[in-house]
Amino acid sequence: MNEVIRKNEIIKVVLTVLGGFLYSAGVNLFIVPHSLYTGGLVGICQLIRTFLVDFLKLPFANIDVSGILFFLINIPIFLIAYKYIGKRFIFKTAVTAVTITIFLSVLVVPGKPIIEDTLTSCIIGAIVSGIGTGLTFTMTASGGGLDIVALMCSKKYKTLSFGKVNIAINLCIYAVCLITFDISILVYSVIYTVFYSLVVDKLHQQNISVQTLVFTKGDAKKIEEEIFKSLGRGVTCWDGTGGFTDKHTTVLCICLSKYEIPDLKRIVYSVDTGAFIIENEGVKVEGNFLKKL
């Protein structure tokens with residue numbers, strides 16, 4: 001079972017890298033050539049890059065310095081987030097952040113747009129980048145940066161959601177674009193963001209809640225402690241009796257995100273390989289329930 005889990009984790013890391021590449025390709029090949037701006041931390045880094053290159057006239061040759069800025073700003077964010085978010089999530093997010101940094105820096109921005117029509121380039125860039133980000137989210141990671149900031153805010157303040165924080169930050173970015181650049185740049189940048197968000201939502205629905213029942217004859221207390229420690233989820237325990245075996249069984253009830261299921265299975269089977277799990281997806285949860293990325 002450990003070997004299977006290890007292989008699954010390796011596959012996730014590989015797909016996470018692929019997601020980072022697709023995101024970077026969508027931005028550098030279709031968005032940057034038209035002098036447009038994305039949202040999130042990459043959008044902020046693009047604004048800083050424009051200031052450094054166009055206003056301060058710093059020479060960066062063909063290197064898109066926004067990738068390097070993205071990496072540098074991510075360092076303090078990761079250090080702060082490490083103790084608040086799961087280690088596996090942080091590790092895969094770090095892989096994605098490094099991947100995006102590398103590809104944003106080495107993928108040469110075409111001197112002339114690949115697609116002349118700005119609207120078409122916006123939509124294609126949004127599709128490519130959105131597929132990359134959606135793939136990353138599905139592998140239980142993120143692109144780092146403001147994704148992590150939004151996640152921490154939503155965990156600390158119950159009235160805030162991941163989406164609300166991102167919208168607020170993007171509004172600030174585009175307000176700067178409106179003041180600094182031509183209004184057409186703002187309009188096309190917003191169009192990109194809207195299509196990008198739609199593609200991400202199609203590939204990854206953020207808060208699909210799952211009710212999970214774990215039936216175990218093993219050390220239920222150890223499973224419960226590890227779930228709380230690794231996932232930060234509460235567990236309700238029921239005592240049961242097997243109808244066929246007439247032996248004592250513990251039933252653990254956990255509500256969590258769809259994308260936490262692989263980690264839950266890893267925890268359960270590391271303690272009891274004979275346990276079995278029932279998943280009920282798409283349940284409605286109200287009250288004190290933590291929604292995660």
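I take helices (H or I, at least four residues) and strands (E, at least two) as DSSP runs, numbered from the N terminus. The model is predicted, so I kept in mind that local features need pLDDT of at least 70 and side-chain atom pairs pLDDT 80 or more, while totals for chains, interfaces and linings use all residues. Residues are numbered from 1 along each chain as its sequence is written, and side-chain values use heavy atoms, without hydrogens and water.

Entry one, the nonpolar patch. I looked up which helices supply at least two residues each, and found α3 (66-81) and α4 (87-106). The largest share, 5 residues, comes from α3. Val98, in helix α4, is partly exposed at 36% relative accessible area, that is, between buried (under 20%) and exposed (over 50%).

Entry two, the sheet. I read an open sheet of 4 strands in the order β2-β3-β1-β4, with antiparallel pairing, where pairing takes at least two DSSP bridges. The edge strands are β2 (236-241) and β4 (276-281). β2 and β3 (residues 248-257) pair over 6 bridges, and Asp239 stands opposite Thr250 in β3.

Helix α9 (residues 220-231) lies across β1 (209-216), β2 and β3, at about 10° to β3, with angles taken from 0 to 180 degrees between N-to-C directions of axes fitted to C-alpha atoms, for helices over the stretch in contact. Helix α10 (residues 261-271) touches β1, β3 and β4, contact being heavy atoms within 4.5 Å.

Key: Buried < 20%, exposed > 50% of the residue type's maximum accessible area, 1.4 Å probe, protein only.
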